[in-house]
Structures are given as structure tokens and as C-alpha cells.
Amino acid sequence: MIRAFLVALAVLAGCGAGGAVRPDPIRGAAALGESGGTCPTPHSTPLVVDWKADERADLELAMQHGVAIVAYTCGGIKLLPDCHVAGSYGYAGVTQQEEDVQIDNADELRATLPKMGALMGAQLSAELDRGTSIDIATMLVGKERTTVERASRSDLVGTCTEATHFVRGASLGAFAMKQGTRGKIEASATIFGSSQDATSESTKSMTSKAGVLDACKQADRGDTEPPKQCGAPFRVELDAIETPQTTAETAPHDQGDKGYVCPQGLVSSGGKCARPGTVKSYSCRLGDLDACTTQCANGNGQSCVTLGTMYDEGRRVRVDRARAASLWRQACELGASNGCVGMAVKMFRGDGVPKDADKAVAVLQRECDAGNFYACAQMALVDAFELPKPTTQALPLGLRSCNGGDAQGCLAVGHMYKQGKGAPKDLARAKEFMERACQEGKGIGIACGEVGALYAAGEGVAQDDVTAFRYFELGCRMPIGIDVCQTAANFSEQGRGTPKDFKRALGFLKHGCDEADKRSCARMGHIFTRTNPPNVERARSFYKKACDLGDPDSCKALQALP
């Protein structure tokens with residue numbers, strides 16, 4: 001169960017790693033992953049440097065009292081201060097990273113600065129057409145993120161009629177925005193130094209600044225909070241609130257395209273959305289074998305990550321672990337951070353590549369330091385679950401990734417406290433972190449199963465089968481939770497913590513089988529051999545699926561059927 005969990009590679013936008021970084025200037029929406037049109041995508045990462053100071057202050061306050069909610073439509077973006085979802089944010093420092101962005105056309109303005117684009121689009125568009133630009137410099141020192149991975153309208157609390165997205169996280173540090181000249185972006189220090197030199201009303205509309213650059217340079221990636229005068233939010237990560245038709249229970253578990261930021265007909269290139277024929281290379285969508293193969297060959301690192309995931313999981317191709325590892329290595333060399341993480345996990349076990357645990361750990365540490373909290377989580381999971389004795393780094397890494405909003409890190413920390421490996425045995429703390437990873441059905445399923453197991457056994461809590469079953473049921477319906485379906489089925493079949501309901505138990509098992517859990521398929525096959533009369537054809541179909549998924553006992557059972 002845990003091994004399959006450890007190698008799951010999320011298809012996220014990769015980023016480079018290393019020390020304090022000043023990359024080449026990025027034009028337009030290149031740091032944002034935003035659409036070139038005026039309407040947001042389900043997953044969006046707009047800048048908020050154009051928000052007024054009091055509006056950014058309201059955002060900070062909202063994030064202190066729950067998961068913040070916004071209304072983000074084709075007409076612009078605004079915070080809904082009287083609406084929230086239950087949850088909290090944790091802070092994790094990252095390696096200092098500078099970034100320069102230049103906006104020089106109306107489409108980029110509306111996509112990158114949706115509030116300014118909606119309020120002053122016509123006026124500023126005219127200036128941009130005359131060769132003016134909006135130059136933005138940012139210094140990233142850390143991120144605040146929540147482990148809440150999904151939210152539905154039923155989760156909203158307060159005045160929420162206009163709610164469209166919840167704030168998954170925010171990038172913190174300092175920023176400066178000023179008027180510039182198209183094609184001539186200045187260095188970050190210059191932008192920071194001259195952003196207050198507005199000389200006209202139109203120039204003032206383009207000018208904004210928060211945070212002190214020198215204060216940010218004192219930040220350390222191990223900080224548990226940003227330095228004073230260097231904690232301004234300048235970018236938010238938004239995820240759409242699910243409609244009743246796409247709740248955690250009904251949404252498909254194969255959500256490989258969930259993080260793709262561009263609408264149909266547009267592709268993601270260098271972070272912004274464009275027509276396929278207008279860019280040299282672009283990030284492909286999971287499952288598009290031809291595009292992924294072509295774009296990886298064209299040097300697009302994220303397409304190599306996606307193609308590697310397809311070979312690793314057997315999506316549209318035969319499983320080929322060595323090919324997956326090779327593609328992730330190529331992606332890493334092209335600067336895609338999650339390619340480095342995928343390659344390192346393979347390297348740690350010798351799965352498709354020569355085993356080199358020391359090098360794998362070094363790669364994961366580098367990507368973790370650069371702000372890839374998924375890398376931190378993988379290090380913590382490997383340390384906590386696979387090493388006979390976790391290292392002294394296991395707990396700090398797990399805490400770092402958990403505070404960075406990665407539920408897998410919370411799971412690793414909870415496991416360490418539960419087992420007394422890498423941390424003092426503390427069942428209360430174990431439950432606390434497992435619940436953070438579960439998030440009442442909005443996190444990862446296996447964590448909900450772990451909380452349910454504590455209640456079922458009465459470990460650290462009063463024994464309570466009703467509560468245990470509730471967590472097992474939650475976990476079964478969530479990503480990375482199919483193994484929990486077995487336990488939910490057992491409780492339902494036995495009438496433990498819930499009325500005895502054999503049909504409901506079958507539903508849990510079928511869900512697990514539909515999600516490619518061979519044990520659930522095998523058990524379904526066995527059940528249909530025991531019905532009166534036996535349903536041989538149903539048994540055959542389930543045994544065959546379990547056999548195809550690699551269960552040798554099901555293969556034998558299939559051959560033994562009349």
C-alpha cells in the first residue's frame with residue numbers, strides 16, 4: 001500500500017533549484033501559468049501585486065482564520081472576507097528566488113493582474129499599445145499553504161454566494177511594480193528602488209511595492225515564519241470550488257489533468273497559455289502520447305515529466321519503469337523539478353535505474369530546499385516507511401512538507417508519532433497529523449484510514465466503531481484511498497459501526513476494483529462464486545481483472561472456474 005503511494009508522481013509545474021536564483025526575465029504571464037484570455041481556469045496562480053494594501057491585509061487576515069475564499073470570474077477577482085472553509089495554513093521557507101516579469105499587452109495584463117485588468121483594462125491597454133510595459137520584480141522567501149486539497153459548496157461557511165475558488169496557498173516575500181519600456185526590463189534592485197517614483201496618474205496606477213528587499217535577503221529556508229518586512233503575499237494559488245456534480249465522492253480518481261492551467265485549445269508554454277502553433281514547445285496534457293513525445297523531444301521538461309508518468313503508470317503505453325526513469329532524468333536536466341523528484345525516488349530503490357540512495361537523497365534535499373514540498377514529503381515518506389530506523393531528518397522534513405501544504409508530509413509525521421520511529425511515540429500527535437492529512441475527506445484517503453484505525457483499536461482515543469467507520473468511508477472515496485475500501489467493506493459486512501449491509505459492502509469493493517485495486521477485484525470474484533446460485537460470469541470478470549492487475553491467486557481461480 002505504502003510503496004504504491006510513495007511512487008505516485010503528481011504532474012505539477014516544475015521549477016528549478018539551487019541557491020538564491022536570478023533567472024532570465026520572464027515576459028507576460030510566464031511565472032503564472034495563466035490563460036491569455038480574461039477568464040480563469042480551475043487551477044490558477046495570479047499575482048496580487050495590483051491589490052491595494054488594505055486588500056492584501058484583508059487576505060492575510062482571512063488566511064489566519066480559515067481557508068480564504070475568492071470570487072474569480074471573467075470580470076476580475078476579489079476576496080470574500082466573510083466566507084471561508086474550515087482549515088489552516090502552515091508556513092515553510094524556501095531558497096530565496098528572485099523573478100522579473102514584464103507585461104506588455106492587454107491579454108497578459110488581464111491574465112496576470114486580473115484585478116487591474118478588470119478595473120483599468122481599457123486605459124492601461126492603450127498605454128501598453130504605445131510601448132509602455134508593467135515591470136514586476138519579486139523575491140520569494142517562503143510559502144503558506146493548506147493541506148485542504150478540495151472544497152465543495154457544502155464546505156463553505158458564511159456569506160459565500162459569489163465564491164468560485166479557495167486559496168490553496170500564497171507566495172510570500174517582497175515585490176515592486178513600476179512602469180517600464182517594452183523589451184527593456186530592468187534588474188530587480190532597480191525596480192525595487194524606483195517603484196515609488198510615479199510622476200503621472202497613469203504611472204501611479206502601475207506602481208506598487210511591499211516588503212523590504214534587504215530584509216528578505218536575511219531569510220533562511222529553515223525559518224518557521226518570514227522575516228519582518230518580508231512577508232507580503234504577492235501571488236496566490238487558487239483551486240476551483242467543486243460543484244455538487246464533482247465532489248470528492250463523485251470525482252474520478254484519475255485527475256491527471258487537474259493541474260493543467262490552460263483551457264481546451266490552448267497549451268502551457270513557459271507558464272502562460274498560447275495557441276500550439278505560436279510556441280516552440282509546450283507542456284502536454286496527461287494521456288496525450290503523441291503530444292507528450294513530441295514536446296519532450298522539443299526540450300519541454302514538463303512534457304518529459306508527464307510522459308515519464310505515463311510509462312510509469314501504464315497510461316496509453318505498456319509499463320516501462322526504465323523508460324520512465326530515463327524521461328524523468330531528462331526532465332530534471334531540463335529544469336523540471338518534479339522530474340528530479342521522480343528520478344530520485346527511482347534511484348533510491350534501484351527501480352529501473354542503478355540504485356544510489358545517497359545521490360537520491362541529495363537530489364530530493366536540493367529540490368526540497370528550493371520549495372518543492374512534494375520532494376520534502378517524498379524524503380520524509382521514504383525515511384519514515386522504508387528505512388529500518390528513520391534518520392534525524394525524517395521529522396523535520398515531514399513537518400516542512402506538511403506546513404508547506406503537502407498532506408503526504410503530514411501522513412509521514414503522523415506515522416512516525418504512531419510508531420515511535422523518528423519521533424517519540426505520541427498517539428495524540430499521530431492523530432493530529434493524520435487528521436491534517438485527511439482533512440475530513442479533502443486530503444488523502446490513506447490518512448483517513450489511519451485515523452479510523454486508531455478509533456477502531458482504541459489507541460490514543462476512546463474506542464469508537466461508528467467514528468472509525470466514518471473515517472474508513474471517507475478514505476475509500478478519496479485519492480490514494482482504495483486500500484481503505486477493504487476495511488470499509490469489512491465493517492459494513494459485519495455491521496460494525498454501521499448497520500449490516502452486504503450490498504453496501506459490495507459497493508466499497510467495486511469502487512476499489514474500479515480504481516485498480518487487485519485485492520478488491522479478487523474479493524469480488526470470490527464473493528460471486530459463493531452466491532446462490534454462483535454467478536460464474538461475474539466471478540470470471542472480476543478474477544480476470546485481478547489477474548490482469550498482477551494477482552497470481554486470481555489467475556489460478558480464473559482457470560479453475562467451470
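Modeller: Helix α17 is mostly covered, since 11 of its 13 residues are buried. Here, buried means under 20% relative accessible area, exposed means over 50%, and partly exposed lies in between, with a 1.4 Å probe and protein chains only. This is a predicted model, in which local features need pLDDT of at least 70 and side-chain atom pairs count only at pLDDT 80 or more, while totals for chains, interfaces and linings use all residues. Residues are numbered from 1 along each chain as its sequence is written, and side-chain values use heavy atoms, with hydrogens and water left out.

The helix runs over residues 445–457. Helices (H or I, at least four residues) and strands (E, at least two) are DSSP runs, numbered from the N terminus. From first C-alpha to last, α17 reaches 19 Å, close to the 18 Å expected at 1.5 Å a residue; the expected span is 1.5 Å times one less than the number of residues. Just after the helix, G458 takes a positive phi of about 70°.

The side chain of D465 is joined to that of Q463 by a polar contact of 2.6 Å. A polar contact is a pair of N or O atoms within 3.5 Å; within protein, one must be able to donate a hydrogen and the other to accept it, and residues adjacent in sequence count only if both atoms are side-chain atoms.

Among the strands, β5 (residues 90–103) has 14 of its 14 residues buried, so it is largely enclosed by the rest of the structure. With β6 (residues 132–145) it pairs in the antiparallel sense over 11 bridges, where pairing requires that DSSP finds at least two bridges between two strands.

Next come the nonpolar cores. A nonpolar core is a set of buried Ala, Val, Leu, Ile, Met, Phe, Trp, Tyr and Cys residues joined through side-chain atoms within 4.5 Å. The largest has 111 residues, and those with the most contacts inside it include V49, L109, I134 and M416. Helix α13 (residues 373–386) gives the most to this core, with 9 residues. A second, separate core of 42 residues includes V148, V236, L238 and I241.

Finally, the structure holds 11 disulfides, each a pair of cysteine sulfur atoms within 2.5 Å. C216 and C230 form one of them, with sulfur atoms 1.9 Å apart. This pair links distant parts of the chain, 14 residues apart: C216 lies in helix α7 (residues 213–216), and C230 in the loop between α7 and β10 (232–240). The link is right-handed, with 110° about the S-S bond, and both C216 and C230 are buried. Another disulfide joins C368 to C376, S to S 2.0 Å; the torsion about its S-S bond is about 100°, so this disulfide is right-handed. C368 and C376 are both buried.
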